[in-house]
Amino acid sequence: MKTLEIPRITLNDRTTIPQLGFGTLNVQPDRKSTAANIERTAEVVGLALELRYRQIDTAQSYGNERGVGKAIAASGIPREQLYVTSKLSNGNHRPGDVRRSFDETLEKLGLEQLDLFLMHWPVPTLYNGDYISTWKAMTELLTNGRLRTAGVSNFQPHHLDRIVAATGVVPAVNQIEVHPYFTNVAARAASLRHGAAVEAHSPLGHGQGQLLDDPVIRRVAGARDKTSAQIVLRWHLQHGRIVFPKSVHRERMEENLKVFGFELSPDEMAAIDGLDRGEKGRVGPHPDTFAAIPEKDEDAHEQARPTGRWR
């Protein structure tokens, strides 16, 4: 099968990342690392790799790193053609736990090197408000070659300002909630001001039908003979963001890759920009208050799902 040419974004550490990838949140019915869940994740991620996704986004808290690793091993795809991201669980913020859990992540994924490791949440109400030592420990992982790039997720402007002022190290990426109903203006602006690329998690609004049924998006989709999801993903791409939509259905996976070869007009982009509802459009928890530390399971990582929406 011919290789799909997905554009790459150059990060502030001069590494590059595919602009579109595959998200693995909720691929499993729960976050336990059971034999059945490993097989389930391996099957779904294996299909994504077969369809030519080459960026895979996972996390310690998803409980699916072993399944992702099994899919990678079975794919036969050369390692240098893949880009793999994982994220530090909220229960692993102490420096010793950063190092231990990173070793476990590599072991579960079956990899010698991780492309991108993110602090999943700042959890500023935990650890006496200390996420600076967590960030320092993460950046120290870059020194021995087992981690290529370090970044953060769900960081507000003041979180970014604080870690950069304290360490002098700018995250390469800030993975935040962004979609047409919540463009997260302040967090995006702060990321770009510091030189961090913006990754849009939940790029389709957590899969809410309301967004994809919005009259503006449906009008643009109809005029372009595209689906609403393709229009929203194209909007993200033209804004220079990195996206990784999530689906377990083959037809949706294929659809989400067909977002190249056309461009939205300035008027279409502006119309979608105008859908922003500000803070009322946020679907996930607020980074200033979210502090969930899931329970540990038999596989030694935090996997249980807290109540409420999160990622």
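**View 1. Helix 3 crosses helix 4.** The axes of helix 3 (residues 95-109) and helix 4 (residues 132-140) approach within 8 Å and cross at roughly 40°. This is a predicted model: local features need pLDDT of at least 70, side-chain atom pairs count only at pLDDT 80 or more, and totals for chains, interfaces and linings use all residues. Residues are numbered from 1 along each chain as its sequence is written, and side-chain values use heavy atoms, leaving out hydrogens and water. Axes are lines fitted to C-alpha atoms, for helices over the stretch in contact; angles run from 0 to 180 degrees between N-to-C directions. Helices (H or I, at least four residues) and strands (E, at least two) are DSSP runs, numbered from the N terminus. The crossing of helix 3 with helix 4 is right-handed (the near helix is turned clockwise from the far one by less than a right angle). Helix 3 contributes Pro95, Val98 and Arg99 to the contact (heavy atoms within 4.5 Å), and helix 4 contributes Ser133, Thr134, Ala137, Met138 and Glu140. Four of these contact residues are nonpolar, two polar and two charged. Here Ala, Val, Leu, Ile, Met, Phe, Trp, Tyr, Cys and Pro count as nonpolar, Asp, Glu, Lys and Arg as charged, and the others, Gly among them, as polar.

View 2. Eight strands line up in the order 3-4-5-6-7-8-9-10, with parallel pairing. Two strands pair if DSSP finds at least two bridges between them. Strand 3 (22-23) and strand 10 (242-243) are the edges, each pairing on one side only. Strand 4 joins strand 5 (residues 83-88) in the parallel sense over three bridges. Aspartate 57 has threonine 85 of strand 5 as its bridge partner. Helix 3 lies across strand 5, strand 6 (114-119) and strand 7 (147-153), and runs at about 140° to strand 6.

**View 3. Threonine 58 in its loop.** This residue sits in the loop between strand 4 (55-57) and helix 2 (65-75). Threonine 58 is buried, at 0% relative accessibility. Buried means under 20% relative accessible area, exposed over 50%, and partly exposed in between (1.4 Å probe, protein chains only). Not counting residues up to four places away in sequence, threonine 58 touches Thr24, Asn64, Glu65, Val68, Thr85, Ser86, Lys87 and Leu109.

**View 4. Aspartate 115 and its arginine partners.** The side chain of aspartate 115 forms a salt bridge with arginine 79 (2.9 Å, N to O). A salt bridge is a side-chain nitrogen of Lys or Arg within 4 Å of a carboxyl oxygen of Asp or Glu. Aspartate 115 is in strand 6, while arginine 79 is in the loop between helix 2 and strand 5, 36 residues apart. The side chain of arginine 148 also meets aspartate 115 in a salt bridge (3.0 Å, N to O). Arginine 148 belongs to strand 7 and aspartate 115 to strand 6, so this pair ties together parts 33 residues apart in sequence. Aspartate 115 is buried, at 2% relative accessible area. Arginine 79 is partly exposed at 25%, and arginine 148 is partly exposed at 32%.

**View 5. Other salt bridges.** The structure holds 15 salt bridges. One of them joins the side chains of glutamate 279 and arginine 282 (2.4 Å, N to O). Glutamate 279 is partly exposed, with 46% relative accessible area. Arginine 282 is buried, with 14%. Elsewhere, Glu50, Arg250 and Glu254 are linked in a salt-bridge network.
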